[in-house]
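Thank you all for coming.

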Amino acid sequence: MITAVLFDLDGTLLDHEGAAAEAITRSFPDADPAWLVPRWTELTEAAVDRYLAGELSFTAQRRARIVPLARELGLGDWDEARADAWVAGFLALYQAAWRPFPEVGRVLDALAGRGLRLGVITNGDAEQQRAKIERLGLADLLRHVVTSSETGSAKPAAGIFRAACAGLGVPPNEAAYVGDRLITDAQGAAAAGLTGVWLDRSTEPAPDRLEVPRITSLDALPRLLEPDHSTEPR
Ligand SMILES: [Mg+2]
């Protein structure tokens, strides 16, 4: 019996990719977006991985994305001050583009209406992740927010999932966790004893032999979590 539902934030509730694409194309309007957007995504993911591994501070990972990009755009070698000034402008554009996926409000309302306890487990900086939830207007529905920067454990490690369940006062087997990354989110949660659900927003066919249930929109979640509905992978 599921009594609590926890969510990943970026790519699950918040359209992070859309916001980042909008912000980077507005930052460099003369660059070809077909090159710029995937290159920015690549630099971002590499830098965030190094931040989560403890190799870079939060500020350093931001610089580690723009310094190589500026060089590749032919803008020369940027020092820290120039990188930091650019980051401030980029963040304003990124924040202005924060939007929830369209189905988020109705799905959270439906789950809360059933008396389920709701929350967030996110890899990232506590201050920024809480600001996102606030800006999306979801802070009242998602009061329980667990971040890797505060917990000292990052998904897919079991520690952050268990800490979130303990904070909510529910055993892991009564909690579901929904996220857009198969290994980091759904399989990580399942390994920690929760019901891991993979939100696959891609239009790719499902891989064979999934170990977790897969949904392609959050709209499928309330039905999936009904007590009589098996969450065994199909
Ligand atoms: Mg995500």
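Predicted model: local features only at pLDDT ≥ 70, side-chain atom pairs only at ≥ 80, totals over all residues.

In which loop does P156 lie? P156 lies in the loop between helix 7 (148–151) and helix 8 (158–168), where helices are DSSP runs of H or I with at least four residues, strands are runs of E with at least two, and both are numbered from the N terminus. Residues are numbered from 1 along each chain as its sequence is written.

The peptide bond leading from K155 into P156 is cis, with omega near 10°. As background, most residues other than glycine have a negative phi, and most peptide bonds are trans.

That brings us to the sheet, which is open and has 6 strands in the order 3-2-1-4-5-6, with parallel pairing; two strands pair if DSSP finds at least two bridges between them. Strand 3 (144–147) and strand 6 (214–215) stand at the edges with a single partner strand each, so one side of each has no neighbour in the sheet. Strand 5 (residues 195–199) runs parallel to strand 6 and is joined to strand 6 by 2 bridges, and L199 stands opposite I215 of strand 6.

Turning to the domains, whose bounds come from an automatic or database domain assignment, the protein chain is divided into domain 1 (4–15 + 99–224) and domain 2 (16–96). Their centres, taken over C-alpha atoms, are separated by 26 Å.

Finally, let us look at a helix pair. Helix 1 (residues 16–27) and helix 2 (residues 33–52) pack with their axes 10 Å apart and at an angle of about 120°, where axes are lines fitted to C-alpha atoms over the stretch in contact and angles run from 0 to 180 degrees between N-to-C directions. The contact is made by A20, A21, I24 and T25 of helix 1, together with P33, L36, V37, W40 and T44 of helix 2, and two residues are in contact if their C-beta atoms, placed from the backbone, lie within 7 Å.
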